[in-house]
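Please look at the sequence and the three-dimensional structure shown below. The paragraphs that follow lead through them step by step.

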Amino acid sequence: MEKCKRRSGALEDYLLKNERNNMSRVVKEDTKNAKFASLDYEVLKYNEEINLSVLKIDLHTGRHHQIRVQLSSREHSIYGDQKYGGRGHGKQIALWAYKLTIQHPITKEKMTFKSIPEMNGTWKILEGLKL
């Protein structure tokens, strides 16, 4: 698979879920039961000293383990991801939904919720970012 070297872009793949081990993987488009997965990414911050990036991800589809699978297939696994990655073994996965926007089912009002992790441990890399 190609590596992500750009500061922003789109990832489009077909994913296949394995029910036995609860894992998904990138497969060819014509693979039986494969589902299309699409996301946009933007590098918000990169720390060269520890080789760690903070990404903003906008999901267009919501596939099983989508972010984890698409990034790891390009050798950019999420820090602490025990299932799809190699770095940060024994650490909490550094994947956080900091903003969620939904439409209220009755009023149809657009509602946005934000939550940012405490700036300690792995999350110290977020210091100085305006999220």
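Is Lys17 buried, partly exposed or exposed? Lys17 is partly exposed, with a relative accessible area of 37%. Here, buried means under 20% relative accessible area, exposed means over 50%, and partly exposed lies in between, with a 1.4 Å probe and protein chains only. The structure is a predicted model, in which local features need pLDDT of at least 70 and side-chain atom pairs count only at pLDDT 80 or more, while totals for chains, interfaces and linings use all residues. Residues are numbered from 1 along each chain as its sequence is written, and side-chain values use heavy atoms, with hydrogens and water left out.

Consider the whole protein before its parts. Its C-alpha atoms fill a box of roughly 45 × 45 × 30 Å, taken along the principal axes. Of its 131 residues, 26% count as buried. The secondary structure consists of 1 helix and 6 strands; helices (H or I, at least four residues) and strands (E, at least two) are DSSP runs, numbered from the N terminus. Along the sequence, these elements follow the pattern β-β-β-β-α-β-β.

The sheet comes next. Strands of a sheet pair through backbone hydrogen bonds, either parallel or antiparallel. In this protein, 4 strands form an open sheet in the order β2-β1-β3-β4, and the pairing is antiparallel. The strands at the edges are β2 (23–27) and β4 (52–59), each of which pairs on one side only. Neighbouring strands of this sheet are turned by 50° against each other on average, direction ignored; for such angles, axes are lines fitted to C-alpha atoms, for helices over the stretch in contact, and angles run from 0 to 180 degrees between N-to-C directions. Two strands are said to pair if DSSP finds at least two bridges between them.

Two hairpins can be followed within this arrangement. Strands β1 and β2 run antiparallel and are joined by 5 bridges. Lys17 stands opposite Ser24 in β2. There are 4 residues between β1 and β2 in their hairpin, and Asn22 in the turn has a positive phi of about 55°. Strands β3 and β4 pair in the antiparallel sense over 8 bridges. Across this pairing, Glu42 has Lys56 in β4 as its bridge partner, and Lys45 stands opposite Val54 in β4. The hairpin of β3 and β4 also has 4 residues between the strands, and Asn51 takes a positive phi near 50° there.

Which residues make up the largest nonpolar core? This core has 6 residues in all: Leu11, Leu39, Tyr41, Ile67, Leu71 and Ile78. Strand β3 (35–47) and helix α1 (66–72) each supply at least two residues of it. A nonpolar core is a set of buried Ala, Val, Leu, Ile, Met, Phe, Trp, Tyr and Cys residues joined through side-chain atoms within 4.5 Å.

Charged side chains provide a further set of contacts. The structure holds 3 salt bridges, a salt bridge being a side-chain nitrogen of Lys or Arg within 4 Å of a carboxyl oxygen of Asp or Glu. In one of them, the side chains of Arg74 and Asp13 meet at 2.8 Å, N to O. Arg74 lies in the loop between α1 and β5 and Asp13 lies in strand β1 (residues 8–18), so this pair ties together parts that are 61 residues apart in sequence. Both Arg74 and Asp13 are buried. Another salt bridge joins the side chains of Asp81 and Arg68 at 2.6 Å, N to O. Asp81 lies in the loop between α1 and β5 and Arg68 in helix α1, so the two tie together parts that are 13 residues apart in sequence. Asp81 and Arg68 are both buried. Glu19 is exposed, with a relative accessible area of 61%.

The surface also has a nonpolar patch, formed by Leu100, Ile102 and Phe113, with about 280 Å² of accessible area together. Patches are made of residues with over 30% relative accessible area and no salt bridge, in which like charges are joined within 9 Å and nonpolar side chains (Val, Leu, Ile, Met, Phe, Trp, Tyr) within 5 Å. Accessible areas come from the Shrake-Rupley method with a 1.4 Å probe, and for residues only the protein chains shown count as cover. Ile102 lies in strand β5 (residues 99–103) and is partly exposed, with a relative accessible area of 37%. Phe113 is found in strand β6 (residues 110–114) and is partly exposed, with a relative accessible area of 43%.
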